[in-house]
Amino acid sequence: MQKIDLSETGLRAMNKMLHGQSEHTNQTTWEIVNPKGSHAIACGLDAPIEVTVKGSTGYYCAGMNQQATVNIHGSAGPGTGENIMSGKIVIEGDASQYLGATGHGGMIVVKGNASSRCGISMKGVNIVVQGNVGHMSAFMGQSGNLVVCGDAGDALGDSCYEARFFIRGEVKSLGADCEKKEMREEHLALLQQLLDEAGIDADPTEFTRYGSARTLYNFDVDNAGAY
Amino acid sequence: MNKLDPQGIPHTTPRQSATFTHDINSDIRRAAATGIYDIRGGGAKRKVPSFDDLLFLGASISRYPLEGYREKCETTVTIGGLNAENPIELDIPITIAGMSFGALSGPAKEALGRGASAAGTSTTTGDGGMTPEERGHSSKLVYQYLPSRYGMNPNDLRKADAIEIVVGQGAKPGGGGMLLGQKISDRVAEMRNLPKGIDQRSACRHPDWTGPDDLEIKILELRELTGWKVPIYVKVAGARPYYDTTLAIKAGADAVVLDGMQGGTAATQDVFIEHVGQPTLAIVRPAVQALQDLGMHRKVQLILSGGIRSGADVAKAMALGADAVAIGTAALIALGDNDPKWETEYNALGTTAGAYDDWHEGQDPAGITTQDPDLMARFDPVEGGRRLRNYLKVMTLEAQTIARACGKNHLHNLEPEDLVALTMEAAAMAQVPLAGTNWYPGKSGNSF
Ligand SMILES: Cc1cc2nc3c(=O)[nH]c(=O)nc-3n(C[C@H](O)[C@H](O)[C@H](O)COP(=O)(O)O)c2cc1C
């Protein structure tokens with residue numbers, strides 16, 4: 001295992017080392033200590049490596065991640081995993097706002113709660129939150145799945161497109177054009193698969209599915225009041 | 001018209017209201033019929049104070065000119081040398097502005113790349129991501145980082161020669177993008193991860209940051225993602241140029257792209273285009289002042305856009321302190337947009353060459369702002385590229401002509417002292433003397 005003390009190595013040198021890992025690197029496990037809430041830790045990784053950050057991270061940890069697994073043993077700052085393409089991010093603590101914003105693929109797992117705008121503009125990422133999510137989660141969500149084992153705040157899925165939301169607890173309110181959907185066999189199977197992949201034990205039948213009512217897809221003056 | 005009524009009283013002549021003009025009345029009738037605001041492409045059509053209100057003085061006894069075809073007048077510009085390992089080196093200070101694939105066809109994007117590369121300058125992606133034809137044909141490609149993040153991915157990011165964080169556009173400061181359903185082809189839909197045929201409203205605000213402190217961290221992330229190799233530009237609308245430039249510099253931008261209200265857009269509400277933002281002429285000096293106040297003028301480059309059409313505009317922008325300019329609409333016209341040769345087809349669309357602005361409808365007779373395969377096939381990207389190259393060369397020659405006449409051996413040496421203004425408004429905005437005086441409004445210590 002490779003160990004990096006961020007307070008000694010510095011952000012640039014550390015990220016450079018991680019970016020230098022190739023597809024076939026044999027240095028597949030990395031540990032970062034003393035992150036002290038620094039920003040942009042392990043962003044832009046693109047190799048099948050596993051990086052564990054021992055502590056809390058600032059903005060944009062594991063941003064635009066490809067292939068790598070990034071574990072955060074602490075809480076994660078705003079925009080963690082923004083635009084993630086593939087790979088996995090696991091946050092042991094809580095996640096701040098805009099978690100996985102515009103993520104195109106891969107998975108983000110939060111063991112605690114995620115703040116507002118979780119999964120904003122998501123474009124294919126799967127996000128599984130064991131606790132609750134804040135207001136405006138999955139705002140303008142385009143595709144992918146947001147699974148919440150706890151409750152969702154106000155305006156869930158506002159102006160969403162084809163993204164799916166599975167919520168076990170209460171939804172404080174639904175956003176514009178977001179509605180409750182039927183939970184069919186294929187959804188139960190998908191949800192089970194997502195929970196398994198996230199390593200979270202929950203019963204898919206306890207969840208409710210939400211998604212776009214698709215009434216705002218093309219402009220109609222009669223809907224102007226919805227915005 | 002001097003009709004008399006039965007009592008022999010003369011009528012007044014019918015008088016058109018200056019408030020309720022024919023144009024305004026047609027707007028009202030259109031709104032009443034449809035219930036939807038008017039959406040269109042292009043920039044502000046109203047007349048605003050502009051570079052046309054400025055004149056160069058040229059050389060005289062106190063300044064000597066440079067020989068037209070003998071003495072060199074340099075045109076190169078380096079952008080982003082402050083932090084980037086590989087700054088952008090351009091042969092000419094005229095760049096191609098970001099225009100989205102989706103708004104423009106693939107071949108039109110290719111032509112922009114071809115023309116810009118042949119003229120030694122850069123082109124820019126747009127809302128909708130990077131296409132291979134554009135990357136392939138652009139020797140220097142600036143990758144836009146927009147609120148929508150359509151097509152955003154780290155592989156393309158690392159293929160870019162510079163990154164432009166788009167905060168705003170002059171045509172619609174505070175507004176997002178709009179691509180109506182009829183232009184969402186399979187390819188456009190796939191690049192944007194959205195269903196075909198739906199209206200796409202790009203966000204007006206970035207999803208994962210707000211304000212200058214966040215922007216600083218976002219710039220850090222983008223630098224880390226790209227190994228500090230390429231410059232990071234920040235594009236803002238000409239809304240509050242002094243503060244926006246100050247904050248962009250504070251956040252660590254290598255270049256500031258400033259877009260005035262005449263700046264074109266692919267599509268937005270007409271009311272937005274005509275009523276929000278400031279004229280290009282009015283935003284240069286405050287931005288340059290901000291750069292100077294921070295000791296960053298010529299270190300952080302200022303790229304000005306919004307209604308740039310000729311070498312005279314380029315020279316004026318540079319004399320007021322810009323390092324380079326960007327063109328959108330003018331480039332499209334060079335490619336063949338709004339060409340009178342399509343007049344019958346423009347008429348069939350209820351418009352006329354020069355006024356066609358329904359770029360969002362995808363029916364462009366010139367085959368440029370469309371995704372319709374038949375219309376697209378009318379446009380030849382090689383010929384389009386050649387025309388754009390020619391136009392860029394002409395603009396450069398024109399700017400050099402003016403600079404030499406002012407005795408300057410580099411376009412960057414043009415200065416406000418080379419200019420006078422034709423109107424009080426222009427004098428105030430450009431802070432150069434009203435022609436025939438040594439005064440401009442707001443100039444301290446010197447009054448009538
Ligand atoms: C068809 C078209 C599409 C545009 N798309 C974008 C875009 O995707 N992103 C952006 O920042 N600006 C976009 N713009 C604005 C230009 O980047 C630029 O600011 C503007 O065109 C400059 O003004 P000008 O057209 O008068 O030269 C677009 C403009 C046009 C005409």
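Which of the 25 residues around the ligand come nearest? In this predicted model, where local features need pLDDT of at least 70, side-chain atom pairs count only at pLDDT 80 or more and totals for chains, interfaces and linings use all residues, side-chain values use heavy atoms, with hydrogens and water left out. Residues are numbered from 1 along each chain as its sequence is written, while chains are lettered from A and ligands numbered from 1 in the order in which they are written.

The residues that come nearest to the ligand are Gly98(B), Asp259(B), Gly307(B), Gly328(B) and Thr329(B), a residue being near a molecule if one of its heavy atoms lies within 4 Å of it. An N or O atom in the side chain of Gln144(B) is 2.8 Å from a nitrogen atom of the ligand, and for the side chain of Gln169(B) the corresponding distance to a nitrogen atom of the ligand is 3.1 Å. An oxygen atom of the ligand, in turn, lies 2.5 Å from a polar side-chain atom of Thr329(B). The protein covers 97% of the 600 Å² of accessible area that the ligand has on its own, as computed by the Shrake-Rupley method with a 1.4 Å probe.

Side chains of opposite charge can pair when their charged atoms come close. Over all chains, the count comes to 35 salt bridges, each defined as a side-chain nitrogen of Lys or Arg within 4 Å of a carboxyl oxygen of Asp or Glu. In one of them, the closest N and O atoms of Asp208(B) and Arg149(B) are 2.9 Å apart. This pair links distant parts of the chain, 59 residues apart, with Asp208(B) in the loop between β10 (200-201) and α6 (211-225) of chain B and Arg149(B) in the loop between β7 (141-145) and α4 (154-159) of chain B. Asp208(B) is buried, with a relative accessible area of 0%, and Arg149(B) is buried at 1%, where buried means under 20% relative accessible area, exposed over 50% and partly exposed in between (1.4 Å probe, protein chains only).

A salt bridge also joins Asp213(B) to Lys250(B), with 2.8 Å between the closest N and O atoms. Because Asp213(B) lies in helix α6 of chain B and Lys250(B) in helix α7 (residues 241-251) of chain B, the pair ties together parts that are 37 residues apart in sequence; helices (H or I, at least four residues) and strands (E, at least two) are DSSP runs, numbered from the N terminus. Lys250(B) counts as partly exposed, at 41% relative accessibility.

Asp127(B), by contrast, is buried yet has no salt bridge, and Arg192(B), the nearest side chain of opposite charge, is 5.0 Å away; Lys and Arg count as positive and Asp and Glu as negative, whereas His and the chain ends are not counted. The side chain of Asp127(B) is instead joined to that of Ser148(B) by a polar contact of 2.4 Å, that is, a pair of N or O atoms within 3.5 Å, of which, within protein, one must be able to donate a hydrogen and the other to accept it, residues adjacent in sequence counting only if both atoms are side-chain atoms.
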